[in-house]
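Please look over the sequence and the 3D structure below. The briefing that follows goes through them topic by topic.

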Amino acid sequence: MKNIGTIVFLITFALGFSQNKFNKSETQKFQKTINAEYADAKTSPLMEEDLKSFKSLDFYPIDGKYFVNAKFVKAQNEKVFEMKTTGTRTPKYIKYGTVYFKINGTACQLNVYQNIELSKQKEYKDHLFLPFSDLTSGKESYIGGKYIDLKIPKGNTIAIDFNQAYNPYCAYNHKYSCPLVPLENDLKVEIKAGVKAFH
């Protein structure tokens, strides 16, 4: 019986701290999908004149060092708040948790959020929103930072692939209202991954 208990514990431990591996083809698929979306007049956020000459977004080279298995700590007793945007819209979010990881040897932490309205829809019920800025913001990448889409993890680790970071729509077109990156999600490191600045 003691051995069975040990095995159960080890399996639970392994699941709780499961490590995902970097998959370059997943990022290539992401790039292909976002390029197709931006090239299609029905789904593109680009302005008409930019759409005419659009070939591809500019991406940083895909790099496995920007894929991390972060420690995930779920937030407790958080209150719903209105997230500031580039416009007058103030969508309701809640801080869902905090992720802890290292990039280039630097310890980092970011908050992840859940959109209250989206979470009521079946396809987005486990969706998490990770907005961030870093030392490339306003230089090689968009000044307003970037976003990453995540899913609520089953354990206490979460895989984050910064190679799949993308710009808010307002980086391409002023008619959009985009959530502003909260100050606590400004990283003091360079994240040379994902979509670069447009133009």
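A residue is called buried when its relative accessible area is under 20%, exposed when it is over 50%, and partly exposed in between (1.4 Å probe, protein chains only). At 36% relative accessibility, Glu 140 therefore counts as partly exposed. The structure is a predicted model, in which local features need pLDDT of at least 70 and side-chain atom pairs count only at pLDDT 80 or more, while totals for chains, interfaces and linings use all residues. Residues are numbered from 1 along each chain as its sequence is written, and side-chain values use heavy atoms, with hydrogens and water left out.

**Overall build**

- The protein chain contains 4 helices and 7 strands; helices (H or I, at least four residues) and strands (E, at least two) are DSSP runs, numbered from the N terminus.
- Along the sequence these elements follow the pattern α-α-α-β-β-β-β-α-β-β-β.
- The C-alpha trace of the protein chain spans about 70 × 35 × 35 Å along its principal axes.
- Of the 199 residues in the protein chain, 41% are buried.
- Contact means heavy atoms within 4.5 Å. Among contacts in the protein chain between residues at least 6 apart in sequence, 65% join residues at least 24 apart.

**The largest pocket**

- A pocket is found on a 1 Å grid over the protein atoms alone: it is an open set of points where a 1.4 Å probe fits, with protein on both sides within 12 Å along at least five of seven lines, and its lining residues have an atom within 4 Å of a point.
- The largest pocket has a volume of about 1300 Å³. Grid points are joined across faces, edges and corners, and the volume is the space filled by probe spheres set on the points.
- The lining of this pocket consists of 43 residues, and His 127, Ile 148, Asp 149, Leu 150 and Gln 164 lie nearest its centre.
- At least two lining residues come from each of α2 (24-39), β1 (67-74), β5 (127-132), β6 (146-151) and β7 (157-161).
- Helix α2 gives the largest share of the lining, 7 residues.
- By class, the lining has 23 nonpolar, 11 polar and 9 charged residues. Here Ala, Val, Leu, Ile, Met, Phe, Trp, Tyr, Cys and Pro count as nonpolar, Asp, Glu, Lys and Arg as charged, and the others, Gly among them, as polar.

**Salt bridges**

- A salt bridge is a side-chain nitrogen of Lys or Arg within 4 Å of a carboxyl oxygen of Asp or Glu. The whole structure has 4 of them.
- Lys 192 and Glu 140 form one, at 2.9 Å from N to O. This pair links distant parts of the chain, since Lys 192 is in the segment after β7 and Glu 140 is in the loop between β5 and β6, 52 residues apart. Lys 192 counts as partly exposed because its relative accessibility is 28%.
- Lys 120 pairs with Glu 117, their closest N and O atoms being 3.2 Å apart. Both Lys 120 and Glu 117 are exposed.
- Lys 188 and Asp 186 meet at 2.8 Å, N to O. Lys 188 is exposed at 62% relative accessible area, whereas Asp 186 is partly exposed at 31%.

**Loop residues with positive phi**

- Asn 77 is in the loop between β1 and β2 (81-82). Its phi is near 55°, a positive value in a residue other than glycine, and Asn 77 is exposed because its relative accessibility is 78%.
- Asn 104 is in the loop between β3 (92-103) and β4 (106-115). It has a positive phi of about 50° although it is not a glycine, and Asn 104 is exposed at 52% relative accessible area.

- Asn 163 is in the segment after β7 and counts as buried because its relative accessibility is 1%.
- Gln 31 lies in helix α2 and is buried, with a relative accessible area of 16%. Not counting residues up to four places away in sequence, Gln 31 touches Phe 59, Tyr 60 and Ile 62.
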